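Me: I would like to go through this model slowly, asking each time what lies behind the words that are used for it.

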Amino acid sequence: MNRRGPGLIGAAARTAVVAGTASAVSGRVQQRQQARFAEQEADRQPMPPASQPAASPGEDIIGQLERLAALKEQGVLTEAEFDAQKARLLAG
């Protein structure tokens, strides 16, 4: 009998190796992406209100509003969080 290729079993084995390698690489890539996203999310967490110093009457409210706007633009604060903090500053 004259064979021209690896045969059915050889082709199936090669396919299994390729699929296994692709699956392992995909898993590692996914783990790295999840770790990176978790790290970015941890960096985005705003400071809890208890750790923020109370605004004194003479403090620059415009500067604080500008910092809040910058945090909103960076995606650190949502629109609702920005509005709540802005209202707190303006009421104080």
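Reply: Rings of Phe, Tyr and Trp (its six-membered ring) pair if their centres lie within 6.5 Å. In this predicted model, the structure holds 0 aromatic pairs.

Me: What sits over the ring of Phe82?

Reply: The charged end of Lys72 sits there, 4.5 Å from the centre of the ring. The cut-off for such a distance is within 6 Å, and the charge must also be within 35 degrees of the ring normal.

Me: Why is α2 called roughly antiparallel to α3?

Reply: Helix α2 (residues 61–74) and helix α3 (residues 79–91) pack at an angle of about 175°, and their axes are 10 Å apart. Because angles over 145 degrees count as roughly antiparallel, that angle makes α2 roughly antiparallel to α3.

Me: Which residues of α2 and α3 meet?

Reply: From α2, Ile61, Gln64, Leu65, Leu68, Ala69 and Lys72 take part, and they meet Glu79, Phe82, Gln85, Lys86, Leu89 and Leu90 in α3. The residues of this contact divide into 7 nonpolar, 2 polar and 3 charged.

Me: What makes up the secondary structure of the protein as a whole?

Reply: It comes to 3 helices and 0 strands, and, read along the sequence, the pattern is α-α-α. Of the 92 residues in the protein, 8% are buried, where buried means under 20% relative accessible area.

Methods
Residues numbered from 1 in each chain as written. Predicted model: local features only at pLDDT ≥ 70, side-chain atom pairs only at ≥ 80, totals over all residues. Heavy atoms only, no water. Phe/Tyr/Trp six-rings, centres within 6.5 Å; stacked < 30°, edge-to-face > 60°. Axes fitted to C-alpha atoms, helices over the stretch in contact; angles between N-to-C directions. Helix = DSSP H or I, 4+ residues; strand = E, 2+ residues; numbered from the N terminus. Parallel < 35°, antiparallel > 145°, perpendicular 65-115°, else oblique. Contact = heavy atoms within 4.5 Å. Nonpolar A, V, L, I, M, F, W, Y, C, P; charged D, E, K, R; others polar. Buried < 20%, exposed > 50% of the residue type's maximum accessible area, 1.4 Å probe, protein only.
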